[in-house]
Amino acid sequence: ETRWTFWLLTAGISTTLGAAVPTGYNIGVINAPANFIKAWCNETIFETYGTVFTEGNLETFWSAVVSIFLIGGVIGSLGGAWVADRLGRKRSFLLCGFLLFVGGVCFQFCQTLSSVELLMAGRFIVGLAAGLTTSTVPMYLTELAPLGLRGALGVFCSMGVTGGVVVGQVISLEEIFGTEEHWQFALSFYVILVVIFFVPYLWLPESPKYLFVIRRRHDEAVNELKRIAGKKVRDEYVREQIDAMRRECTPENDEDSCEDGRAKKPKERTIWSVLTDRTLLLPLVLVCALQGGQQLSGINAVFFYSVSIFESVGLSSTDAKFANLGAGCLNLFVAFFSPILMAKFNRRFLALTSCAMCALFLFCLTFIVFFIDDVEWFSYASIVAILLYILFYQIGLGPIPYFIGSELFEVGPRPAAMAMGSLASWGCNFIVAMLFTTLQSAWGAFVFLPFAFTCVGLTVLLRMYLPETRGKHISQIVPLVAKGFSSKPLESGWTLQLVALGAITSLGVSIPVGYQIGVINAPSEYIKRWSNETITRNYQVQLTDGALRAIVASIISIALIGGVIGSLQGAYLADRYGRKKSFLCCALLLTSGALCFLFCRAASSVELLLLGRLLVGLSCGLTTGVIPMYLAEVSPIKLRGAMGVLCPLGLTAGVVVAQVISLEQVLGTEQHWHYALSCYAVLNLFCYAFYFWIPESPKYLYSVKGDQAGSLRAIRKLFGRHTIGDDYIKLQMECTNSSNGQSPPDEAQPQANRSLCSVIRDPTLTLPLVLVCVLQGGQQLSGINAVFFYSVSIFESVGFSSTAAKLANLGVGCLNLFVSLFGPLLMARCNRRTLCLLSCSACAIIFSGLDPFPFLLDQSFSILDHAQQQWRWGAYPPGDAISLLGWLFPLCKVYGLSTATEQSTGHRNGYTTVKPLYAVLFENVLQCANHACVLVLITDRNLCLCLRLKMSSELEKGNNKTV
């Protein structure tokens, strides 16, 4: 199963160097001599047709010369299925070589014959060969390979394409053949490889599976199998392989026919028959998504940008091109380890790791390239991001898509599936080639974002549906994907209905609530000015600065008051009307608030603005109290945490979306701020559109309403008739009656609604109530808002302009969102207690570590007051002290403590702000005992006692007056 034999190595090397490398060669060779070829085309067309191309016409013609290769790739992919079944896998390889040879001849003689048409024909013919190669060669190699070497041999094609690109770049350098006199030799040089490595063609084996299953030549299949396996093969191995091939017989090739060597040839599977076969829907989607996603993952965009990035660190244009070639060599170097990776690691793990890390580094590259002119060392950071992206791309996204179709499909539909995958690859390559230059000129650094989102979507798809194929026979894999998108075994409990419910609640209310939290800051100056003008016009009252600040503070804080009221009413609404209707109430309040924002300016009504803020505040409080409860109640136990974090995930996403929408470049202007406040209402449509489709909480129906039949209907709607639904029913019935020690009755009795006062007075609920309140309150007191406030000044300290620092702060918010995307996975895999303790302790340690930084950065440390030095260094304030900064930032504004920050040019000179702020906190707010009390909430009691004693001893040594 894992032994390399002579014919396996010969077939792998011949197909790689004879077809795969020339395919990659034609991708990489055309760029360097482009200017020489364009000049020759212009001269030849004038001499032949008497037509002079303008610059625009010449660029269009050159685009046609380049892109006709991709069109040939698409057509070649479509023909791959027919060729592989009609001619066989081995003859398909021969056809690839013949087309490559003909294309090379066209390139060689096009300049001699002064024929642009011959150049175009050559590009089209090698495009046909490229499409045919990527759709048939990986299939040929994986069918030759034994089970243990299937992945290692399958990546030979992708490794050859990668190597061909590098060879093409080297040969087309001006120092070799990339000159005005020799560019035709650069285009046709690969023919030498084709001729040399097609010499052993006559002795190469045909695919035994093709002969046995498709052509029914059993004796030939057995002979080829023995020849591939070598002289030392045992009869038991041959019998096992024959049995395995017999199990691959499809309905068109039934087993009875397969056992009869004289049977007629079966009907071949066409592309249309594969597309209409519902049992092949999911594997076909996976193959096309992987092959198309490989091109949409941004690898070409990264290589395009890398030249300018290398130039930004001081390299000349020529040196930057050589550095770009070095990046390609890194890509090839990593590709050489692909056979080892495929043999040692699971396909699923490598694909998920590759997609997720590519998405991460593309987001980083977007951020870095956008600010590359503002920060000196970002040029070097961009190089690191590029190299890491290439590294992770090549361990999964690079090699796996080429051969994964051979592991997901049986022999019959395999050629059509591989052809469709290759079609998706070349089609997406064509789309990128046509649109990238336009998007790059329009979006700049943000051109990486579509590729990053493609990687994220691909990660989600593979995480949910890609089965592990390493070491498994095709007969074990096919049943796992035979039922389409319903075929994924519900080991985790996820169903399409459950995922859809989480998406609807997040998009319908959670993201709009987070949007309202983040949208109000950027356009606040415009709102203040409009409020002043409107009040003056409506009431003939001229507001003082203090009164105007009070009005703006009311506009901002009335949403918080609404949040408090909404939280108090959440319990009543959830019990009286149900979780589902409470969700609808949240959406209605948000829509009403959006209408108030939309028309407040047209109506010249500050009162309408205040009403809108109050309504969205009510919805915020109701959402944070009801939606997590609703999602947790509809989930099975193992998914309760993963579903529960969808609400905070939506809040985080909403804040980031709001920061983007409220930028001055979007809607954060004096004329459009009311649109910025109200545009979230579009997302409420998800709530209204799917409201009647989503189910009520089964636990609410059973426990509160006593409606057992309704609870069963809701469960069936969520889970269908699957065992996890049955387990869910039993569990919830047992839990409902466990408190009374009763067995589940035939008809459940509703529980009495618990009021807020009854819950507060119940001693059995005191501890969980304290824990809930402490965690939710501590979340706001943990300092996250203070960190975001300080991050702007920190970015300014490293050389960012004010605008760039705000955008960088937005990037930090995007990082916060990106990490929160892993929340469901963490909740499903890790204990809540571990995560809480780790998060709180780490935040406290980081805050304590950050506390001395102003001293280390400030140059006037020696003149600080001695008593303040003792306080700061003797008792580092933990996270609770720093978190109170968020509450006291408005106080700082009132007392003028922010003046130094506004005047300072960097964080290093901003200590004058920190000093009086800490003085206010020290004298009026914080007591040392408070630190020890809050530490109880974030660590175990023994560690707390040690820290507390250490703090007390250090404070006594410092003769602190407060102690």
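This report describes selected helices and helix contacts in a predicted model.

## Basis of the description

Residues are numbered from 1 along each chain as its sequence is written, and side-chain values use heavy atoms, with hydrogens and water left out. In this predicted model, local features need pLDDT of at least 70 and side-chain atom pairs count only at pLDDT 80 or more, while totals for chains, interfaces and linings use all residues.

Helices are DSSP runs (H or I, at least four residues), numbered from the N terminus.

## Helix 3

Helix 3 covers residues 55-86; its 32 residues should span 46 Å at 1.5 Å a residue, and the 46 Å between its end C-alpha atoms agrees with this. The expected span is 1.5 Å times one less than the number of residues.

At glycine 79, helix 3 bends by about 40°, the bend being the angle between axes fitted to the seven residues ending there and the seven starting there. Glycine 88, with a positive phi near 100°, follows helix 3.

## Helices 15 and 21

The axes of helix 15 (residues 281-296) and helix 21 (residues 400-408) come within 9 Å and cross at roughly 175°. Helix 15 is therefore roughly antiparallel to helix 21 (an angle over 145 degrees). Axes are lines fitted to C-alpha atoms, for helices over the stretch in contact, with angles from 0 to 180 degrees between N-to-C directions.

In the contact (heavy atoms within 4.5 Å), residues of helix 15 including Pro283, Leu286 and Leu290 meet residues of helix 21, among them Tyr402, Ile404 and Leu408. The contact comprises eight nonpolar, three polar and no charged residues. Here Ala, Val, Leu, Ile, Met, Phe, Trp, Tyr, Cys and Pro count as nonpolar, Asp, Glu, Lys and Arg as charged, and the others, Gly among them, as polar.

Helix 29 (residues 606-633) has 28 residues, which should span 40 Å at 1.5 Å a residue; its end C-alpha atoms are 40 Å apart, in agreement. A bend of about 35° occurs in helix 29 at threonine 623.

The axes of helix 25 (residues 496-519) and helix 29 come within 9 Å and cross at roughly 145°.

## Helices 27 and 28

Helix 27 (residues 545-576) and helix 28 (residues 579-600) have axes that come within 7 Å and cross at roughly 130°. Helix 27 is therefore oblique to helix 28.

Leu573, Ala574 and Asp575 of helix 27 meet Arg579, Ser582 and Cys585 of helix 28. By class, three of these residues are nonpolar, one is polar and two are charged.

Notes:
Helices (H or I, at least four residues) and strands (E, at least two) are DSSP runs, numbered from the N terminus. Angles under 35 degrees count as roughly parallel, over 145 as roughly antiparallel, 65 to 115 as roughly perpendicular and the rest as oblique.
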